[in-house]
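Here are some notes for a colleague opening this entry for the first time. Please keep the sequence and the structure in view while reading the points.

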Amino acid sequence: SYPNEQEVQEVQEAQPAQPVVVQPPQVNDDETAVSLGSYVTLSRHTSEVFMCSWNPIKTNLIATGSGDATARIWTMGGDTAAHGFSASVTLKHGEYLGDKNKDVTTLEWSPDGTKLATGSYDGVARVWDYLGNIIYTLNAHKGPIFSLKWNKSGSYLLSGSYDKTTIAWSMDAGILHQQFSFHSAPALDVDWNGNDTFASCSTDKTVVVCKVKAPGAEAAPSCWDAKPMVRFEGHVDEVNAVKWDPSGKMLASCSDDGTAKIWAYEAGVIATKTDTSVGAKPIQDFTLHSKEIYTIKWSPTGPGSSNPDKPLMLATASFDNTVRLWNAASGECIFTLARHTQPVYSIAFSPSADFIASGSLAGKLYIWDAKTGKVKSSFTGKGDIFEVAWNKEESRVAACYSSNAITLVDFEK
């Protein structure tokens, strides 16, 4: 016999609850989409492109690093996408193309634009001239290099590694100047404050600030027994990025714990709210993201910047699919940029700080007006975006893709 109504109800109630399927919002970017002819895609890499960096002086050059064991220096053919590129130089990091132990994991131009530093999965840092000729091969790390940064004068190159250490390399001779072992787990990011002070962060949930010994100072090359100037503890999961503000008085960090924090630091003296052996509590604690914060960027504004009269902001990019802009002084969330439908991996302020670019999984690039929070321009490429970068003229944005390509998008204010 057929079950009666009561029996049907009892069976339905006994069934496990079905998960609610949340459909991603439908986004129509037709009005802001970059027009055909206003972008160019460079596709000579044979594996995913992890990062890119515009030369700060020779502004027609852009460097890219890839999982194919190479970096490339591209010479643009002109000021717009229509001009394409005129040359591409390959910087080989392995014996053969695609050597998986030689993935290029990070790269950065020197401040004067004459040198390019690259770090790779084999733990080797390399320094090249802008033509692609090798200058130094720096061997000391025992694991992959995750971050490389030049100090302000270009006299030191700083590297952070999976081997838990950071190294300051002398660029006068291409030698190890000082090695620091203040983390108990991999060092994920490093950032200089001026020429001799730097911060590093780690999967050990901490941030440390260190000072490099003066050239010629009597000390062993390895500084295992020294202490950091300060250790900031407060995150409860791995810390993904650290960045100094333009004045060098504040340090921002972000973490898998879903928070970003600002720590006060001035002239070697920690401005504390509490007296603890590990330093201060954060002066700002941003907790509105609902998932991991992958990266942070300061606006190039306020004291110490090229835009001193504009207010200082911090941007945070999260796996909750949003970017948030924060007032660094008040802690207020100015805008939540919520158009991405996938985790946001990269953000970059334009040189004027009037615009911000963001790139996410599923290949979506947005350029936002930082004064209104509105989308100014949009582009969808093939694959996931790992990094975005502005050129010095604020006329182009580069986006690196998992589909082995880099796309350069023209931008008009």
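1. There are zero disulfides in this structure, which is a predicted model. A disulfide is a covalent bond between the sulfur atoms of two cysteines. How far is the sulfur of Cys400 from the closest cysteine sulfur? That sulfur belongs to Cys52 and lies 3.1 Å away, too far for a bond, because a disulfide needs the two sulfur atoms within 2.5 Å.

2. Cys400 is buried, at 0% relative accessibility. Cys210 is buried as well, with a value of 2%.

3. The salt bridges come next. The count comes to 13, on the criterion of a side-chain nitrogen of Lys or Arg within 4 Å of a carboxyl oxygen of Asp or Glu. One of them joins Lys364 and Asp29, whose closest N and O atoms are 2.9 Å apart. Lys364 belongs to strand 28, while Asp29 sits in the loop between helix 1 (5-14) and strand 1 (39-42), so this pair ties together parts 335 residues apart in sequence. Are the two partners buried or exposed? Lys364 is buried, with a relative accessible area of 18%, and Asp29 is buried at 9%.

4. Another salt bridge is formed by the side chains of Lys211 and Asp196, at 3.7 Å from N to O. Lys211 is in strand 16 (residues 206-211) and Asp196 is in the loop between strand 14 (187-193) and strand 15 (197-202), so the pair ties together parts that are 15 residues apart in sequence. Lys211 is partly exposed, with a relative accessible area of 47%. Asp196 is partly exposed too, at 30%.

5. Arg396 and Asp410 also meet through their side chains in a salt bridge, 3.6 Å from N to O. Arg396 is in strand 31 (residues 396-401) and Asp410 in strand 32 (residues 406-410); the pair links distant parts of the chain, 14 residues apart. Both Arg396 and Asp410 are buried. Salt bridges with shared partners also make one network out of Lys149, Asp189, Asp191 and Lys243.

6. The pairing is between strand 10 and strand 11 (residues 156-161), antiparallel over five bridges. These strands form a hairpin with five residues between them, and Gly154 in the turn has a positive phi of about 85 degrees. Why is strand 10 (residues 145-150) described as largely enclosed by the rest of the structure? Five of its six residues are buried.

7. The last point is a sheet. Strands of a sheet pair through backbone hydrogen bonds, either parallel or antiparallel. Here four strands make an open sheet in the order 26-27-28-29, with antiparallel pairing. Its edges are strand 26 (344-349) and strand 29 (375-380), each of which pairs on one side only. From one strand to the next, the twist averages 15 degrees. Strand 28 (residues 364-369) and strand 29 are paired in the antiparallel sense over five bridges, and Leu365 stands opposite Phe379 in strand 29. Strand 28 is also the strand that holds Lys364, the salt-bridge partner of Asp29.

Definitions and conventions:
Residues numbered from 1 in each chain as written. Predicted model: local features only at pLDDT ≥ 70, side-chain atom pairs only at ≥ 80, totals over all residues. Heavy atoms only, no water. Pairing = 2+ DSSP bridges. Helix = DSSP H or I, 4+ residues; strand = E, 2+ residues; numbered from the N terminus. Axes fitted to C-alpha atoms, helices over the stretch in contact; angles between N-to-C directions. Buried < 20%, exposed > 50% of the residue type's maximum accessible area, 1.4 Å probe, protein only.
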